[in-house]
Amino acid sequence: MLTTEESELISIFTKEAEDHLAVIQNFINNADTSSDISTGVPDESFIRAVHTLCGSAQTAGVRPIVDLICPLEEISKLKNTLSLPFNSHERGVLNQVTDEVTQHVIAAENQTDTPEINTALLAEIDAIGKAAHKVAAERESDDNLLSIFLDEADELIANIESTLKDWEATPGDESYADEIKRDLHTLKGGARMAALESIADLTHALETSLITHEDETLGTDYFELLQETTDVLAAMANQTRTKQTLWDPSELIKRLDNTPHSHETTASLHELTTPTNVVPLTPTEHAQPKQAVEEKNTQGNTPSKETAAAPTVTTTGRKAIPENIRVNSELLDHLVNYAGEVNVYQSRFTQQMGSYRFNLTEFEQTLKRLRQQLRDMELETEAQILYNYEKDSENKKDFDPLEMDRYSHIQQLSRSLAESVSDLDNIKSAINELTRESESLLVQQSRVSTDIQDGLMRTRMVRFEGNESRLSRIVRQTSQSLNKKASVTILGGDNEIDRSVQEHILPPLEHMLRNAIAHGIERPTERSAANKPETGLITVELKYDGGDILISVKDDGRGINFDAIQQKAIEKGLLKAHDTPQQEQLLSILLTPGFSTSMEVDQVSGRGVGLDVVEREIKQLSGTLEIETQTNQGTTFTIRLPQTLAITQVLLVEAGDNIYAIPVNAVHAVERVPSNDLTSFYSNTDKPYLHAGNEYEFHQLTALLEQGTFTPQTSLIAHMIMLRSGGRRIALHVDRLLGHREIVIKPLGSQLSNLRGIPGATLIEEGKVVLVLDVGGLIASQARPQIRQPIAPEFTPAEAVPETNEVSQTAIIVDDSITIRKVTERMLIRNGFNVLTAKDGIEALTVLKENKVDVMLLDIEMPRMDGFELATYLRNDSQYQTMPIIVITSRTGQKHKERAESIGIDHYLGKPYQEVELLNIIQDTLAEPKKARL
């Protein structure tokens, strides 16, 4: 007997089940009465009803309904995805299911015994599911076949276009026609197998036309028809790839069939084909390959002897095609990224080994110093023993302590220390040997990692000449639409380019070609009047420049009309009427979004979507765009790109407390200049920076990143980076240069992806996350007056910054003990100091030459140049006479203090020092007026 709660649940379920069964029954009735097959495809309402009924039955615990309905949910979803209808037999099974479920619902409502489940009906449902999965597998197989065909078609069509171009240059050479026919035959067979009848029919028509006109002298019109047909084949292949409706090629087939000089005995191509007006590219339209062949044979299109033998023909003079395998491009990209990550980790480990080697050298120097100190202690101890023996026993004729091995306790300790030093030396030698072996293994691992990365990168490389047919087609179509004549020549086509780079750069290249024809190439009458050939020439050249790729697009047209750019810029408010802009400024305006000099809008130009899009696409590839033009001589667009997007060469720089990466393809030069030379640039924001005869915009990286606040510099040497971004030159002042790196750029994520000027980030050897900067984009993202605003009155150049506690000050620690350096450095950093270190006087002088230091903490006993020698040198140099020097040493004798005072040292502390005492001394010393300490 059911409880009250269970009875309420059953009641709710039965009422809900009736509604869902009504939806299912309504779907079956509509499919039975409609002449449209598509009504049998399960829709969203049918799937929702089955899904809800299944869930409700599971909740109510009506197991027979669960077994009958739940399998239908997966089947209906699969059929909906495949656009596969329930046939009449399957709809009959659905009727049986609804009847059976209705009986179980009535039994549950009346609380009577549940009838036996129909196992035969369950078997029918299972059969429907298996049939749907079989169709899905066949569809997937068809998609794979289609993908294989498209890859082959691209190569065949490109080869046909190239051969056709060579044939047109030498019409009498019949070998070109034979090669084209072989490629057409292969293309036709692949189209038949992929059930692309329109492409197969057009290919067959072109092949038959070539056979018909063999042994004839072909004219220009016929070559143009062949070229047009090839273009249509390429377009149809692209339509197939993008799942668009294929063009109807029947008119073009008629033109091929009705070309002059056709043999009368040749059957009409139109009679042999049955093209359709539209060929929707959906999986349901793809007939099975075997069925397609059989249908063609039944239409009387029996292959000729030549056709039947063609697949086995071997061609002489053509390179054998190596065996290839198909690899998912995403998987390959992941593998290349992983290889790049391995190299980054390799670099990090190498740097850690460098630090380990540095500390090992420090350990060795400390060990030498300890050994020397121990030797001095032994000599001093022996001298003291002999002295005491001679003093206490002048009249005793006994053996001295050295002769009788009578040692004091301190001598025993010194001997033990000597043994410990020897043990430390052995440990040092063992560690040194392990370090050498580790470094050797790292070198070998680096070589293998580089080989793996290079191998993976080569798998992504393609020859640029493979795009010749595509670019030529763009030029032909654009020229025809604008009633102009133009041709394109590809130089450096045998060079290779990363496939992902090529895919991203081809759309900008196509736009630049259209732009060259629309704005650069003149009409034939204008070119004739200017003593130019009627056909304009566009040259696309690819070459390597170090680690970058240079792609130039050059035309021999009229050049860029700067007057038109200026006039349009004035109309748009980008310039004032009285402005006299330079050419570089006008070129920058040409790259402004929405800017166009075209007087009328057509399919090619005038929409304002132009070079700004090209430049943006190029910058997304970490590339740069340069424009050069001469009136009536033409224009050259030069694109500089990295050879690959997977690995990027960058220059690491430091600005403030952070490290940033700048792609090296934007860097033209680096130089070091005295910081004093930059004072005028901070006070005069319009003053250009001069380098190698060129003017550069002066910017400080810290100011760019901190929204226009110029930062005083503590270093005496400034680091300048000369950059080119678009048409502008930028001189970037950074705090430090940290060297060249090879990195893998990672995306910033959706939260930061819209930040202009920061295309990504990377992880460097130290384990830090470093932002990659596009300096040109960073400058463009900020209003120029905000960045290059006049210096506020309270700002004072670095040389005249008042020494207050609010300004971060720099201290240098000079000590041969690494422990003292580390401890003191951490203490000063905690208290807001910038800290520099040196292990002896010589190294300290080198550091002082490149940095402005406020106070020096100095040890006395050091190798190469001790503290007294360094202090004497500094006090004799006018540049450092006022710099405070605080000595921290274990030599606290009066004699040492007197010598320090005579040199001009400010304070003298003994080791160990008290932190509070040292900080108070530093603050008091820095607060005193600067004066020569002599």
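I'll start with a pair of helices: helix 18, residues 562-571, and helix 19, residues 583-590, have axes that come within 10 Å and cross at roughly 65 degrees. This is a predicted model, so please hear every value that follows as computed. The crossing of these two helices is left-handed. On the helix 18 side, the contact is made by F562, I565, Q566 and A569, and on the helix 19 side by Q583, L586, L587, I589 and L590. Seven of those contact residues are nonpolar, two are polar and none is charged.

Now a second pair. The axes of helix 15, residues 468-481, and helix 16 also come within 10 Å, and they cross at roughly 35 degrees. This crossing is right-handed. Helix 15 contributes R470, L471, I474, V475, T478 and S479, while helix 16 contributes L506, E510, L513, R514 and I517. Here the contact residues divide into six nonpolar, two polar and three charged.

Helix 16, residues 499-520, takes us to a sheet. The helix lies across strands 2, 4, 5, 6 and 7, and runs at about 170 degrees to strand 7. In what order do the five strands of this open sheet stand? The order is 2-4-5-7-6, and the pairing is mixed. Strand 2 (486-491) and strand 6 (624-630) are at the edges with a single partner strand each, so one side of each has no neighbour in the sheet. From one strand to the next, the twist averages 15 degrees. Inside the sheet, strand 5 (residues 548-555) and strand 7 (residues 634-642) pair antiparallel over seven bridges. As one example, I551 stands opposite I639 in strand 7.

Next, strand 8, residues 648-655. Is this strand largely enclosed or left open? Seven of its eight residues are buried, so strand 8 is largely enclosed by the rest of the structure. Strand 8 is joined to strand 15, residues 736-743, by seven bridges, and the two run antiparallel. There, Q649 has E742 as its bridge partner. Strand 8 also pairs with strand 9, residues 658-663, in the antiparallel sense over six bridges. In that pairing, V653 stands opposite Y660. The hairpin of strands 8 and 9 has two residues between the strands, and G656 in this hairpin takes a positive phi near 70 degrees.

Last topic: charges. Side chains of opposite charge can pair when their charged atoms come close.

K79 pairs with E90, with the closest N and O atoms 3.2 Å apart. K79 is in helix 3 and E90 is in helix 4, eleven residues apart. Are these two buried or exposed? K79 is buried at 2% relative accessible area, and E90 is buried at 8%.

E534 and K485 form the second salt bridge, at 3.5 Å between the closest N and O atoms. E534 lies in the loop between helix 17 and strand 4, and K485 in the loop between helix 15 and strand 2, so the pair ties together parts 49 residues apart in sequence. E534 is partly exposed at 38%, and so is K485 at 42%.

In the third, D815 and K911 meet at 3.0 Å, N to O. These two residues are 96 residues apart, each in a loop between a strand and a helix. D815 counts as buried at 3%, whereas K911 is partly exposed at 28%.

Finally, salt bridges that share partners join E161, D231, R473 and R476 into one network.

Key
Residues numbered from 1 in each chain as written. Predicted model: local features only at pLDDT ≥ 70, side-chain atom pairs only at ≥ 80, totals over all residues. Heavy atoms only, no water. Axes fitted to C-alpha atoms, helices over the stretch in contact; angles between N-to-C directions. Helix = DSSP H or I, 4+ residues; strand = E, 2+ residues; numbered from the N terminus. Left-handed = near helix turned anticlockwise from the far one by under 90°. Contact = heavy atoms within 4.5 Å. Nonpolar A, V, L, I, M, F, W, Y, C, P; charged D, E, K, R; others polar. Buried < 20%, exposed > 50% of the residue type's maximum accessible area, 1.4 Å probe, protein only. Pairing = 2+ DSSP bridges. Salt bridge = Lys/Arg side-chain N within 4 Å of Asp/Glu carboxyl O.
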